[in-house]
Amino acid sequence: MRVAWGRLRALTRSHVGSRARWLQLDPWWVMVMFAATATLATAGAWLWTHQQQQQFVHAGAEAALRFVDRRLSAIDIELASLTRDADLPMPLSACPDALVAQLLQQSLASVLVRRFDLVQFGSPLRCEPHGERQAKPQEATAPAGLSIVPGSQLSARPVVLRPLPRGAVLQATLDPYALALPRTELPSSLLTVPLRIVVQSSPAGAQPIWDTRPHPGSTPAALTATASSTMYSVSVRAQLDQGDLDAAIRRQALWSIAITWLALTALVAAAWNRAVRRARLSHRLQLALRQRQFVPFVQPIVDLASGQCVGAEVLMRWQHPHRGVLAPGEFIDEAERSGLILGMSDLTMRLAAHQLAALAQAEPRLYFSFNITPGQLREHDFPRQLAQIFGPATVPRSQVMLELTERDFVDPAACAVLAALRADGWRIAIDDFGTGHSSLGTIEQVAIDRIKIDRAFVGTIDERTVNRPVLDAIIGLARDLGVPLIAEGVETRSQWDYLAARGVASAQGYLMARPMAVADFVRWYGRQQPGAVAPMLPDTQRALWERMRSPGGLSVRNRLHLHRLRVYRECFVGAQAVDWIVREQRVSRAEAVRLGRHLLAAGLICHVSNEHDFDDDWLFYRLVPPPAETPLGPVTTASLRQALLAASDFPWRNHCRGVVRHNHCATGCELVDWIVRRQGATRAQAVQCAGYLMRSGALRHVFDDRPFRDDATLYRLG
C-alpha cells in the first residue's frame with residue numbers, strides 16, 4: 001500500500017510539476033471514500049440480491065404451479081373417463097372381471113399413470129389391474145377433491161386420489177417423473193438459481209418436482225414462496241436455502257464493489273484531472289487569452305547621438321485581474337510550448353495598433369517594433385492579418401518593424417516569408433543577435449533594417465570578460481553590412497558612452513525608461529518632446545464616450561442573452577452602437593467599427609465577458625467608468641506584505657477539498673481575521689488590503705483564477 005501510494009504521489013508530481021507541493025491527493029480522504037463506498041456497495045448488493053432472489057423464488061413457484069395444473073388436468077381427464085366408462089360397484093364389495101379389465105386397459109394406455117386402483121376406505125379390498133387383492137384397510141378419510149399423496153423423493157411414485165361416492169377412492173399411481181418439472185417450463189433466468197420446488201395437498205407431505213441445490217439440506221430455507229391452485233387441492237412451494245442465498249450475495253457484492261470502485265476511481269481521477277488542469281499554466285493562459293487579458297507595454301528606443309526617442313518596442317504583458325501586471329518570464333515559455341503565443345501575439349498587436357494610432361499618425365518619424373514567431377510566419381494568411389491590423393487608420397505599415405530572433409532565420413520557409421514581407425514594405429529586424437545560429441548568407445538574402453544586440457553582450461561593457469571582443473565584432477559586422485544597430489539592456493551611462501563611441505545608432509534599456517503602458521508612454525514622450533505631439537485622439541475618444549453615456553446616447557439597459565440564458569446588466573448592442581456612431585459622427589460603418597475598437601482598446605468600453613473585440617454584430621458591451629482608487633486608511637500594504645511573508649503566528653496549514661489536498665494555504669476568512677488582529681483595521685479595510693496583496697504578488701488563489709473573498713476560498717503565499 002505504501003509503495004502504491006508513493007507511485008501515485010510521484011505521478012502527481014510528474015503531472016503538476018513545480019506545483020506538486022501545493023496540490024496533492026489526500027490519502028486519508030480517499031481511503032475513507034473507498035471504505036464508505038465498499039460498505040454502501042455491500043449493503044446495496046445485499047438488498048438488491050435479496051430482492052432479486054425473492055423474485056426468482058416467486059417466479060419459480062408460479063411457473064411450477066402452471067405445469068402441475070396442466071399435468072393434473074390431464075390425469076383428471078383420465079380418471080373421469082375411467083369413472084364414466086367402468087361399472088364401479090358401490091360400495092366396493094367385489095372386483096368384477098370387467099372392472100379389472102378396464103383398470104388394466106386404462107393403465108396400459110396412459111402415459112403419465114402406471115396403474116389405476118379402486119380402494120374403499122375402511123375395507124381391506126383393493127381392485128387392481130391384476131385382480132382383487134386384500135390389503136391393510138385405509139384408516140384415513142377420503143379426500144374432498146383431487147389430491148396428491150407424495151413419495152419420499154423426486155424419483156418416487158406419487159399417487160393422485162379422486163374421491164368417489166360412499167367412501168370409495170380412485171387412485172392413480174403416477175410415473176416417477178410425471179410431475180418432474182422440465183427445464184423448458186422455467187424461464188431461462190431461473191435455470192442457474194439453486195431452487196427446491198415441491199407440490200403438496202396438505203402440510204403433512206410434499207412431493208419434490210425440482211431440485212438444483214448443490215448441497216441439499218445443508219442449510220435451512222432462507223426464502224420461500226407458495227402458489228396455490230384454484231382448480232385442485234394442491235399448492236406449490238419454492239424455497240432457496242440460506243447457504244445458496246449467501247453465495248449469491250457474495251458473488252453480487254464482489255461485482256457491485258468492483259463496479260462501484262471503478263466508478264469511484266473514475267470520479268476521483270476526473271476530480272484530480274480537473275484540479276491539475278486548473279493548476280496548470282496552460283489552462284490559465286487559455287482562459288486569459290479568451291478573456292483578452294494580454295495587453296501591450298512599450299519600451300522606448302532612443303537615438304544615442306541626440307538622445308531623442310526614435311521608436312519603441314511593443315512588449316506583451318499579462319494583465320492578471322487579481323495579481324496585476326505579470327512579466328513574460330512567468331508565462332512565455334508555456335505559451336510557446338502550447339502554441340498559444342500565436343493568439344497572444346495577434347491580440348497584443350491589435351490592441352497596440354489602436355492604442356498607438358494617434359501617436360503614430362501625429363509623429364510619422366517614430367517606428368514601433370513587434371516580436372513575431374516562426375509559427376506566425378507559417379500561417380498562410382499572416383501577411384493578410386498584418387495588413388488588416390496595421391494601416392492608415394492605425395499604425396502605418398512604414399512605421400512597423402517586425403522582429404524575429406536570430407535562431408529563427410535558419411528556417412528557409414521563414415526567410416522566404418520575410419523576404420516577401422520586406423518586398424511588401426514591412427521593415428525587418430534581427431532580435432538577440434549573437435545568441436543564435438543564423439548564417440551571414442541568410443542575412444544577406446533578406447534585407448535587414450535593424451540588428452539588435454543582445455543584452456548579454458551589452459552587460460559585458462562594465463566588466464572585463466572575453467565577450468567584449470564579440471561585441472566589438474558584432475558592431476564591426478553591422479558597419480560592414482550597412483545595417484544600423486540597436487543595443488538592448490542599456491542600464492548605465494558607461495554602456496551608453498561605449499556604444500555611442502563605436503557608432504551604435506540607438507539603444508533601449510532601464511537607463512532611458514522601463515516598459516510602460518501605452519498611455520504612460522504617450523505622456524513620457526510628451527515630456528521628452530515638448531510641443532512635438534499633436535492633440536491626442538484619446539481626448540476625442542473621451543468626448544465620444546461621454547456622449548455615449550449621456551441621456552441621448554446609447555440604449556443601455558439589462559439584456560437577455562438567449563444562447564446562454566443569462567441576463568447582462570447595463571449593456572448595449574454592438575450593431576446598435578455602430579448605428580448610433582454612424583448618425584452621431586456622420587461616418588461609414590467601417591469607420592464606426594474602427595472608432596468602437598479604439599474605444600475598446602482604450603478601456604472605455606468592454607465586452608460583457610471580455611471575450612470579443614468590438615464588432616458590428618449582436619454582441620453585448622458595457623461602458624467602463626474610470627477606475628476610482630479607494631484609500632486604505634491606516635493600513636500600509638507594503639509593511640503588511642512583509643509581515644505576512646515573515647509571519648510565524650499565521651495558521652498556514654493543509655486543507656482538503658474533496659479528494660484534493662492543498663498544502664500550506666489558508667482561507668480568506670483566516671487572512672482577514674489576521675489582518676484585522678495584526679493591523680487593527682476594519683474588516684472592509686482588511687478585505688481591500690488582501691486584494692492589494694494579491695495584485696502585488698504576495699498572495700495567490702490556489703488556482704490563480706479567483707479574486708480575494710472573505711470566505712472559505714483557499715489562498716497561499718505568492
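Start with contacts across the whole protein (heavy atoms within 4.5 Å): among those between residues at least 6 apart in sequence, 63% join residues at least 24 apart. This is a predicted model, where local features need pLDDT of at least 70 and side-chain atom pairs pLDDT 80 or more, while totals for chains, interfaces and linings use all residues. Numbering runs from 1 along each chain as its sequence is written, and side-chain values use heavy atoms, without hydrogens or water.

Next, colour by burial. Of the 718 residues, 48% count as buried (under 20% relative accessible area, with exposed over 50% and partly exposed in between; 1.4 Å probe, protein chains only).

Now select Phe-368, Phe-390 and Phe-521, which touch the most other members of the largest nonpolar core, a set of 61 residues. Such a core consists of buried Ala, Val, Leu, Ile, Met, Phe, Trp, Tyr and Cys residues joined through side-chain atoms within 4.5 Å. Helix α16 (residues 518–528) gives this core its largest share, five residues. Zoom in on Phe-521: beyond its neighbours within four places in sequence, its contacts include Val-298, Pro-300, Leu-356 and Phe-368. Then move to a second, separate core of 53 residues, with Phe-56, Leu-99, Leu-164 and Leu-240 among them.

Your next stop is the one disulfide found in the whole structure (a pair of cysteine sulfur atoms within 2.5 Å).

Definitions and conventions: Helix = DSSP H or I, 4+ residues; strand = E, 2+ residues; numbered from the N terminus.
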